[in-house]
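Here are my notes for you to read with the model open beside them. Take the points one by one and look up each element as you go.

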There are 2 protein chains.
Amino acid sequence: MQSKENPIRIGVVGYGNLGRGVEAAIGKNSDMVLTGIFTRRDPSQLKPLHAATPVHALDSLAARKGELDVLILCGGSKDDLPNQSPELAAHFNIVDSFDTHARIPEHFAAVDKAATAGQTTALISAGWDPGMFSINRVMGEALLPDGATYTFWGKGLSQGHSDAVRRVPGVAGGVQYTIPAMEAIEKVRSGERPQLSTREKHTRECFVVLEQGADAEAVRKTIVEMPHYFEEYNTTVNFITAEALQRDHQAMPHGGFVIRSGNTSDAARQVIEYRLQLDSNPEFTSSVLVAYARAVHRMHQLGQTGCKTVFDVAPGLLSPKSAEQLRAELL
Amino acid sequence: MQSKENPIRIGVVGYGNLGRGVEAAIGKNSDMVLTGIFTRRDPSQLKPLHAATPVHALDSLAARKGELDVLILCGGSKDDLPNQSPELAAHFNIVDSFDTHARIPEHFAAVDKAATAGQTTALISAGWDPGMFSINRVMGEALLPDGATYTFWGKGLSQGHSDAVRRVPGVAGGVQYTIPAMEAIEKVRSGERPQLSTREKHTRECFVVLEQGADAEAVRKTIVEMPHYFEEYNTTVNFITAEALQRDHQAMPHGGFVIRSGNTSDAARQVIEYRLQLDSNPEFTSSVLVAYARAVHRMHQLGQTGCKTVFDVAPGLLSPKSAEQLRAELL
């Protein structure tokens with residue numbers, strides 16, 4: 001166990017929504033200390049949540065290796081992590097939130113090669129999906145092999161779909177919310193294992209600010225018929241003012257459901273449901289990264305090096321409490 | 001990975017509801033085979049679900065050590081497991097469902113001593129509470145350290161409370177259901193972290209068959225005012241016929257909720273909810289035991305001996321799929 005006298009020393013690489021969330025989360029974990037934020041920007045220009053948090057240039061990382069137990073990488077999955085995670089895993093224990101599901105095997109291979117060579121411990125794809133939802137998909141399937149798994153997302157702000165809306169000609173600004181269909185969820189909860197189409201599982205709701213002179217009906221039609229993003233869904237488009245967008249749509253809520261429905265015998269339906277309701281998607285992801293940083297530090301102390309995922313981490317390693325305390329208090 | 005050609009060989013010790021559930025669950029896991037049921041009864045008198053399942057005398061276990069990878073102990077926590085688990089862990093890998101929460105540290109110590117000496121792997125207290133609920137309590141606390149955890153049980157048949165009802169003079173038969181208060185659950189889901197009294201969290205509903213000539217009102221009063229069991233709850237007593245009890249109340253449904261509500265910042269409330277809806281409490285517990293038997297077999301192959309709990313088991317070890325397949329398909 002760590003103590004306040006001998007805390008786990010965390011470095012944060014990158015300082016957007018996720019980095020800010022990690023800074024806040026470390027403040028809520030008394031067995032950890034934030035050694036510093038490492039940025040590609042001019043460190044003097046970066047304003048952390050807490051004025052006392054040290055900010056350093058990213059290229060000073062190597063010189064501070066002895067001051068850091070785990071790095072939490074807060075960059076993006078498209079441009080930052082594919083290079084950063086293997087590069088830094090060669091020298092440091094790391095945690096990242098790489099979330100491009102289809103490219104996970106390739107990312108794993110690159111990070112595993114670096115971490116194995118460097119004898120570090122690296123955990124990729126932590127967060128809630130991938131992350132907590134993935135764990136529940138694996139455990140649901142393992143506990144109820146004769147069954148079906150359903151994942152629903154939302155209600156939540158989708159960055160990808162909001163970006164797609166903002167690219168439509170005539171749109172000055174906007175956001176998109178993914179909304180799970182409660183009727184479909186109730187069917188799944190009943191244990192009847194329904195076949196659900198894409199349209200039946202989620203609806204999409206857009207709040208759009210038009211450019212001056214734009215044709216509202218043309219914008220609406222372009223959005224709701226957009227291939228890949230909207231055409232398979234029932235989509236509502238609401239036109240609002242720039243003031244309303246600023247006032248009512250700045251939060252980043254998200255969440256969803258992983259439901260496993262299965263039978264242990266013909267007569268016995270069993271339903272496992274995991275649900276997240278998040279006021280702040282990035283802050284929750286950050287909290288998950290911080291808990292997994294604790295696990296990574298412990299696994300490294302146990303000599304478990306190479307690349308890991310949430311599937312490789314025993315639940316007890318996430319908690320600051322000792323195994324003995326967990327058994328007595330929470331089992 | 002195991003295959004159908006080289007399956008994990010399971011022995012079942014004890015054959016009540018749990019043992020029957022394990023026999024059924026092994027049939028749904030193609031990487032496992034049921035080597036035999038071991039019973040203290042006359043083996044020729046025991047009728048397994050599948051006529052082909054071998055049944056042996058418990059005292060023949062030692063002679064069959066080479067035919068068994070893991071024993072699943074299906075006895076009771078009060079009289080069987082405190083002795084059986086350490087005795088058998090000295091020679092076999094075992095899984096049990098020891099569920100007397102207050103005595104877990106003592107049970108752990110006894111089993112750990114035996115398993116460490118015997119270089120076996122023993123996992124205690126698998127099931128859903130202790131078990132899946134415990135994992136969600138630990139993970140909820142680790143992910144949201146600034147928060148509160150709420151556990152609700154039901155709707156479910158409570159054996160302990162049903163036994164208490166049946167001991168009341170004038171009662172010929174009966175069952176008791178624990179019912180979670182949906183109003184309280186909705187408050188918790190809102191993220192407001194309410195203080196809830198025992199009475200606010202659950203209600204109790206009894207279905208009772210009276211003995212001939214018994215005084216219904218006296219029976220009702222004795223039940224609802226019973227210390228420890230009912231006096232702190234709002235309890236409803238319904239009087240029914242012996243036929244109705246037999247027809248409508250033979251199932252053993254159960255389940256409940258573990259909800260962690262916490263803040264990652266002043267403005268951001270985050271709520272994690274894990275819910276089980278079980279048509280058959282013993283069959284689900286059995287399915288959990290079988291998945292953990294797979295993990296125990298693997299941990300033993302990895303040289304991880306001694307006593308373990310669900311807190312020590314990485315999620316991936318529960319699945320028959322390889323780590324590579326899990327990353328590609330379910331992360």
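1. Start with S12(A) and S13(A): 11 bridges join these two strands, which run antiparallel. Strands and helices here are DSSP runs numbered from the N terminus, with at least two residues (E) for a strand and at least four (H or I) for a helix. Two strands count as paired if DSSP finds at least two bridges between them. For one spot to look at, A:Phe257 stands opposite A:Arg275 in S13(A).

2. Before you go further, a word on the source: this is a predicted model, where local features need pLDDT of at least 70 and side-chain atom pairs count only at pLDDT 80 or more, while totals for chains, interfaces and linings use all residues. Residues are numbered from 1 along each chain as its sequence is written, chains are lettered from A and ligands numbered from 1 in the order in which they are written, and side-chain values use heavy atoms, with hydrogens and water left out.

3. Now zoom out to the whole sheet. What is the order of its 6 strands? It reads S7(A)-S12(A)-S13(A)-S13(B)-S12(B)-S7(B), an open sheet with antiparallel pairing. Strand S7 (147–153) of chain A and strand S7 (147–153) of chain B stand at the edges with a single partner strand each, so one side of each has no neighbour in the sheet. From one strand to the next, the twist averages 10 degrees. (Axes are lines fitted to C-alpha atoms, for helices over the stretch in contact, and angles run from 0 to 180 degrees between N-to-C directions.) Helix H6 (residues 182–189) of chain B packs on this sheet, touching S13 of chain A plus S7, S12 and S13 of chain B, and its direction makes about 25 degrees with that of S12(B). Contact means heavy atoms within 4.5 Å.

4. How do the two chains relate? Chain A can be laid on chain B with an RMSD of 0.0 Å by a turn of 180 degrees and a shift of 0.0 Å along the axis. That is the relation of a two-fold axis. The superposition is by least squares on the C-alpha atoms of residues with pLDDT of at least 70 in both copies. Both copies use the same surface, as 100% of the contact residues of chain A recur in chain B. Among the residues of chain A, A:Ala314 comes closest to the rotation axis, at 2.0 Å (C-alpha).

5. There is a second sheet to find in chain B: 4 strands in the order S8-S9-S10-S11, open and with mixed pairing. Strand S8 (156–157) and strand S11 (234–239) of chain B are at its edges, each with a single partner strand, so one side of each is left without a neighbour. Strand S9 (residues 171–180) and strand S10 (residues 202–210) of chain B run antiparallel and are joined by 9 bridges. In that pair, B:Gly174 stands opposite B:Val208 in S10(B). Helix H8 (residues 216–224) of chain B packs on the sheet and touches S9, S10 and S11 of chain B, at about 150 degrees to the direction of S11(B).

6. The peptide bond from A:Asp129 to A:Pro130 is cis, with omega near 5 degrees, and A:Pro130 is in the loop between strand S6 (121–123) and H4 of chain A. Another cis bond runs from B:Gly154 to B:Lys155, with omega near -5 degrees; B:Lys155 is in the loop between S7 and S8 of chain B.
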